[in-house]
Amino acid sequence: MNRRTFIKGAIALTAAAWANPMIVIDAAENFKWWQKKPVYQIYPKSFLDTDGNGIGDLRGVIDKLDYIKSLGAGAIWLTPIYPSPMVDNGYDISDYTAINPLFGTLDDFDELVAEAKARDIKIVMDLVFNHSSDQHPWFLESKSSRDNPKADWYIWRDEKTNWRSIFGGSAWQWCEERGQYYLHTFATQQPDLNWENSDVRRALYDAANFWLDRGVGGFRIDAIVYIKKPAQFVDGTPDADGTCSVHNMTAALPGILDFLHEFKREVCDGRDIFTVGEANSVKPEDLPQWVGSHGVFDMLFEFSHVNVMFPHGEVWHRAELYKLSDFKQALTDSQRATRDSWYPIYFENHDKPRSVNNFFPHGSDKTLAAKAMAIILLTLRGTPFIYQGEELGFANVAFDSIDDYDDVSSRGQYDMARADGFSDKQALRFVHRFSRDNARTPMQWNTSPNAGFTSGKPWLPVHEDFKTCNAAVEDKNADSVLNFYRRLVSFRNASDVLIGGDYAELCHDSEELYVFTRTLGDKKICTAVNFTTHDVKLPDKIFDGAKKLFGNYPDEKNYLRATEAVIYGN
Ligand code: NOJ
């Protein structure tokens, strides 16, 4: 039975149970392995360094497999570990079928896959197929002349347009050797591949199959909305600075799904894996074309709920205070649009600020906030993605100077803010708020120097709170964020209603509470979260027989206290 039949079967069962509550349902039986347990995301560079060079490695991941198992995860998504000049920390790949020596060897990788399998955990790789590194042999050949065999493997033009790259600056780079410009959606060192060329597509599919043949459990597919380019390269409507984001000109263009259906046929069909595409700009209403029975992926990371701060595009200094109702609407729209398919639930990853700072007002208690987000993450419908450190309640950092930031995008955003007239202090404030380095500081394992991450000098400073916020301390504290996660994941993994139940939102107009229910037959769960720093009255009746099952306060009131989150069940 394939995935679609599984899901359809579960939905039919749910509908039948509504009509006749006496029907006994075991929804979890009908779902795939990747729907039943969370995925744990690792940023290997910051996870655990075992050779003292200040950079995490694959042996560090192997060392911590039992920790990940203790969280109840069924898969680990590794951000890119391929050879790379590391301009964008691995998202600039110079060889698609090898391991970056900074992280280890292919033997280490094979050992990781085997050791993870022994713990019932699959390894999921990151495919970066929109662009390669400018040091990839394909690009070196392509740029060498206009008539070499790979001359057409990248996007070359005689004229440039006013497009701005996502990291800031022109999206076109002049190449002396060819006397032409090449397109780079991201950093200058990340030239875009030409998907119109079938040899390019074949080479990429072969790379994906190389990893599947080594036993990986699936792929997260990077920046996939940009692979289709327009038929004509023309200027876009300019912002005040005269440039137009490349995103507005190339994201999710018609024809992209033809490429992706081919990818699915050539790489995924017939394999027991999952795929999750990264797709900024795919709107919840378009999700059915991308996922589910007519789609190309199993899940899609769309950005509607994390982009609520960016109504004017993702330029950090144009961010606004977000409205809770917009955030809830985005989640509700995505939940509805994936009712017949599946959704990857996430609030953090290596590109986003830490949620305790991102979604809660200044002055909120961070431990309560981390547990509140855990409650939402683990009770929405879909596969929860937990990002390293999220399970420990990590918070943002604030480095003193832009020079202390490693992230190419933080530097680009800082430059854009300065060019728009903001002072150094103001520009740095935007960086503190949104920098991707907030999520990339080293993991905090214990109270020893550098939080036990490395015996050398960490590539990025460790957060100053590591003496109190770390895995060893939290492991011993029954009330910690870590142990809260462990209990909640084990509850979610065993709950038919949380895996298969329908979603409905309550109190939609509230700018203070997020309340939703999950229902399967006569089983019901309700999640209620107070996003403010004051008491808020609950709706009079959650549902008949509702009892508190989980909460981030030990006792119960008939209202929600500051940052309080509760799961009710019957
Ligand atoms: C999205 C990745 O998550 C991000 O880290 C990277 O910089 C860009 N894509 C470019 O590959």
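This is a predicted model: local features need pLDDT of at least 70, side-chain atom pairs count only at pLDDT 80 or more; totals for chains, interfaces and linings use all residues.
Okay, let's start at Asn 552: a polar atom of its side chain sits 2.8 Å from the backbone nitrogen of Ala 565. That's a polar contact, and by that I mean a pair of N or O atoms within 3.5 Å; within protein, one must be able to donate a hydrogen and the other to accept it, and residues adjacent in sequence count only if both atoms are side-chain atoms.

Residues are numbered from 1 along each chain as its sequence is written, and side-chain values use heavy atoms, with hydrogens and water left out.

Back to Asn 552. You'll find it in the loop between β18 (547-551) and β19 (559-560). When I say helix or strand, I mean DSSP runs numbered from the N terminus: H or I with at least four residues for helices, E with at least two for strands. Is Asn 552 buried or exposed? Buried, with a relative accessible area of 6%. The cut-offs there are under 20% relative accessible area for buried, over 50% for exposed, and partly exposed in between, with a 1.4 Å probe and protein chains only. The side chain of Asn 552 also has a polar atom 3.1 Å from the backbone oxygen of Leu 368.

Leu 368 takes us to helix α13, where it is one of the buried residues. α13 covers residues 366-377, so to speak twelve positions on the screen: it has 12 residues and reaches 16 Å from first C-alpha to last, close to the 16 Å expected at 1.5 Å a residue. The expected span is 1.5 Å times one less than the number of residues. Of those 12 residues, 10 are buried, including Lys 371 and Met 373. And at the start of α13, a side-chain oxygen of Asp 365 comes to within 3.0 Å of the backbone nitrogen of Thr 367.

Next helix, α9, residues 256-268. Its 13 residues should span 18 Å at 1.5 Å a residue, and the end C-alpha atoms are 17 Å apart, which agrees. The buried set in α9 has Ile 256, Leu 257 and Glu 262 among them. Phe 259 is in this helix too, and at 7% relative accessibility it counts as buried. Just after α9, Gly 270 takes a positive phi of about 85°.

Now strands. In β13, residues 383-387, how many of the 5 residues are buried? The count is 5 of 5. Thr 383, Phe 385 and Tyr 387 point one way, Pro 384 and Ile 386 the other. β13 pairs with β1 (residues 39-42) in the parallel sense over 3 bridges, and the partner of Tyr 40 in β13 is Ile 386. Pairing here needs at least two bridges found by DSSP between the strands. β12, residues 344-345, also runs parallel to β13, joined by 2 bridges, with Ile 345 partnered by Pro 384.

There's also an open sheet of 3 strands, in the order β4-β7-β6, with antiparallel pairing. β4 (156-157) and β6 (172-175) are the edges, each with a single partner strand, so one side of each has no neighbour in the sheet. Between β4 and β7 (residues 180-183) there are 2 bridges, and Trp 156 has Tyr 182 as its bridge partner in β7.

A quick stop at Ile 93, in the loop between β2 (75-78) and α5 (106-118). Ile 93 is buried, at a relative accessible area of 0%. Ser 132 is 39 residues from Ile 93 in sequence, yet the two are 5.1 Å apart in space, C-alpha to C-alpha.

Last, the ligand. Which residues surround it? Among them are Asp 88, Tyr 91, His 131, Phe 167, Arg 220, Asp 351 and Arg 440; a residue is near the ligand if one of its heavy atoms lies within 4 Å of it. By class, the shell has 3 nonpolar, 2 polar and 7 charged residues. For the classes, Ala, Val, Leu, Ile, Met, Phe, Trp, Tyr, Cys and Pro are nonpolar, Asp, Glu, Lys and Arg are charged, and the others, Gly among them, are polar.

For Arg 220 the distance to a ligand oxygen is 3.0 Å, and for a polar side-chain atom of Asp 351 it is 2.5 Å. Taken alone, the ligand exposes 300 Å², and the protein buries 97% of that; those areas come from the Shrake-Rupley method with a 1.4 Å probe, and for residues, only the protein chains shown count as cover.
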